Amino acid sequence: MSTEYKVQGDIAVITLNNPPVNGLGFTTRLGLTDGLSQANADSAVKAIVITGAGKAFSGGADIKEFGSPKAMQEPNLLSVILAVENSPKPVVAAIHTVCMGGGLELALGCHYRIAAPGCSVALPEVKLGLLPGAGGTQRLPRALGVEPALNMIVSGEPVKSEMLAMLPGQKLFDKMASSADSLLAEALAYAAEVAAVRPLPLVRNLPCKHPQGDAYFQFARNMVKGMSKNFPAPGKCVDAVEAAAKQKFEVGMATERELFINLMWTPESKALRHIFMAERAASKIPDVPADTPQRAINSVAVIGAGTMGGGISMNFLNAGVPVTMLEMKQEALDRGVATIRKNYEAQVKKGKLKQDKYEQRMSMLSTTLSYDDLKDADMVIEAVFEEIGVKEAVFKELDRVMKPGAILASNTSTLDVDKIASFTKRPQDVVGLHFFSPANVMKLLEVVRGAKTAKDVMATVMTVAKKIKKTAVVSGVCDGFIGNRMIEQYGRQGGFLLDEGCTPEQVDKAIEKFGFAMGPFRMGDLAGNDIGWAIRKRRYTEKPDMKYSKTADLLCEKGRFGQKTGAGWYDYVAGKRDAIPNAEVVKMIEEHRKVLGIAPRKISDEEIVQRLVYSLVNEAARILEDGIASKASDIDMVYLMGYGFPIYRGGPMNYADQVGLFNVVQSMKRFAQNPLDDSKFWQPAPLLAKLATEGKTFN
Ligand code: T1G
């Protein structure tokens, strides 16, 4: 059942009960209207209370219904709210914990609202590329005032109920309950109190004006334009609220409806809704049941106090988990602790971290030079030099000292986690936790599942990831896991484009116009071109038939490793990050073309973008076929959270779906004709070819 109906005394109580957050799906909406009819038909009932079971009043429209006919199936949310407003008996909303989106819109349709303190109240639709589509843009300004309502609608951020109740002149809450526990009792009493009051108050009848009218909305539009590049929804939110302040209620409702429906079909909203579901789907591992028992992780050890070790340690300190950091030499430990301290002090200076919180976190950090001090830690994460011999020594020591049941994790970004596990007598406790630098900032965490990694270890690390606010994606064991395996193909295409006629700047500008924060060459200069150089040198022996442009090697042979050497593909002025094109580099590329006998050609931005993005898609399809990733949406999360893929395009797989896989394959066939490119690579992955032929999508 997704609603319950019960009469208590002479008050009918309709309880939303659609776990996990009482999403207003079709059956819940039907239960609401049935309950209203039942209450109004029962002469013993004098008033009605609507509330929510479990951990929410309501999290809004059921996102799982989006894009399906069910979302609009009558009674749709507009009809439900109309039925509430038209109820001849008063309807009181008793809200607690979470009251968001359609949930708040439902409450706004009620005649009265009583709230428990601590309830998160929001209209977060803008975060899904939408705007409130069931009267929120018309009723909230009437209940709260135009400015506070517009701020809530454009930001989508939750505000605590007690804060809103303090707004002067607000009509959102008629009463605040003393607590969530006493909410229902107080709501019943309040309903009895207002049962006979007529006329029934309606939010839609409240006045809605802004003293500065046009000037205010123009100001709001300018503010919103600055913060919402590539996203149409925030600007439309201003339009809808302006309609509330200038049009009659019904006309404003029609304006809202039109704006909402249009936004629903925008690629940006589809991308944001895809990301919302993908982020939550990533934490589900197909063969690891949600109720798999987990190991308690109350203390962590980190091996290595360098950039990665320090950043990893901060994640756990931030989550209140004590950390013991181990290094080989005291000065390395001191340097590591000093860096952590510096990072926190910078946050304190910016007002992002309170002094007492900073001191509390530092108090949970201890250091040691002896492995024996790690024996009681529940989990250890190794972040030492990326060389298999070093990993072997570390894991043999960890196997010797760590208590039974401790999780042994490696932060390796390229090495074989199964091989690392084989250095221990407990491969079932070994897992890869690939953090992205800077580890205390980047949200992505690739959880690399070894062949023998136990299921409870997987379940445990996924929970730990959520606790340290990381978006964890499970990867199988292969060279580069998911993201780095894909970016290698992306980088290869970048090199071929230079050989064929592009400058680094042209390639970067084209893909940055597509939406990446940085193109491949600015990214190389930031990360260090020597990292890719080392990988290519390995490839030249491991995979001699894999084709690479030699341009990047020529650059590295000149010591142009990027920002860290003040020069890479571009030049850099000390202390600045601006990438200044360098004529010598362009000349080096031109000369290299002559050596290869390549006559440069003009390459369009479209071809640049397609070759870079579709190289990700084709490699990703192979990653899915190899079972390295379990679902396409996981790959989108990797690329959105770790590699700067533009959010409003929803990730490489979502983008390919929106272009149409048939069209993607057609482009690949064209690229395969180019003798200077890698025609073998451009054979569409079988999975991609199959989906394209069948007219299907990845997601
Ligand atoms: N519908 C369906 N399921 C939802 C949901 C929703 N609105 N919100 C969350 N879930 C699921 C989520 O997928 C996950 O499922 C579980 O609940 C816990 O979520 C007309 C059209 C409510 C603050 O945008 O902000 O109303 O993974 O991990 O951290 O104007 O979820 O367990 O299977 O996030 O405690 C507007 C979005 C919809 C709210 C709870 N509402 N949700 O946070 O748990 S559009 C939203 C949230 C709308 C109308 C329009 C958060 C939360 P599973 P969680 P949490």
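# Close-up views of a predicted model

**View 1. Ser 161 sits in helix H6, which covers residues 161-165.** Before looking around, please note that this is a predicted model, where local features need pLDDT of at least 70, side-chain atom pairs count only at pLDDT 80 or more, and totals for chains, interfaces and linings use all residues. Residues are numbered from 1 along each chain as its sequence is written, and side-chain values use heavy atoms, with hydrogens and water left out. Helices (H or I, at least four residues) and strands (E, at least two) are DSSP runs, numbered from the N terminus. Is Ser 161 buried or exposed? With a relative accessibility of 0%, Ser 161 counts as buried. Here buried means under 20% relative accessible area, exposed means over 50%, and partly exposed is in between (1.4 Å probe, protein chains only). The side chain of Ser 161 also makes a polar contact, at 3.2 Å, with the side chain of Glu 162. A polar contact is a pair of N or O atoms within 3.5 Å; within protein, one must be able to donate a hydrogen and the other to accept it, and residues adjacent in sequence count only if both atoms are side-chain atoms.

**View 2. Arg 204 forms salt bridges with Glu 85 and with Glu 250.** Side chains of opposite charge can pair when their charged atoms come close. A salt bridge is a side-chain nitrogen of Lys or Arg within 4 Å of a carboxyl oxygen of Asp or Glu, and by this rule the model has 47 salt bridges. The side chains of Arg 204 and Glu 85 meet at 2.8 Å, N to O. This pair links distant parts of the chain, 119 residues apart: Arg 204 is in the loop between helix H7 (183-194) and helix H8 (213-227), while Glu 85 is in helix H2. Both Arg 204 and Glu 85 are buried. For Glu 250 and Arg 204, the closest N and O atoms are 2.7 Å apart. Glu 250 lies in helix H10 (residues 249-264) and Arg 204 in the loop between H7 and H8, so this pair ties together parts that are 46 residues apart in sequence. The relative accessibility of Arg 204 is 17%.

**View 3. Arg 449 and Asp 287 are joined by a salt bridge.** Their closest N and O atoms are 2.8 Å apart. Arg 449 lies in the loop between strand E16 (444-448) and helix H17 (455-467), and Asp 287 in the loop between helix H11 (267-282) and strand E10 (300-303), so the pair ties together parts that are 162 residues apart in sequence. Asp 287 is partly exposed, its relative accessible area being 35%. Elsewhere, Asp 214, Arg 221, Asp 239, Glu 242 and Lys 246 belong to one network, joined by salt bridges that share partners.

**View 4. A nonpolar surface patch is made by Met 72, Ile 261 and Trp 265.** The patch has an area of about 310 Å². Patches are made of residues with over 30% relative accessible area and no salt bridge: like charges are joined within 9 Å, and nonpolar side chains (Val, Leu, Ile, Met, Phe, Trp, Tyr) within 5 Å. Accessible areas come from the Shrake-Rupley method with a 1.4 Å probe, and for residues, only the protein chains shown count as cover.

**View 5. Two prolines follow cis peptide bonds, Pro 199 and Pro 438.** Most residues other than glycine have a negative phi, and most peptide bonds are trans. The cis bond between Arg 198 and Pro 199 has an omega of about -5°, and Pro 199 is in the loop between H7 and H8. The cis bond from Ser 437 to Pro 438 has an omega near -5°, and Pro 438 lies in the loop between strand E15 (430-435) and E16.

View 6. Asn 22 is in the loop between strand E2 (11-16) and H1, and counts as buried at 1% relative accessibility. Asn 230 is in the loop between H8 and helix H9 (233-246), and counts as partly exposed at 34% relative accessibility.
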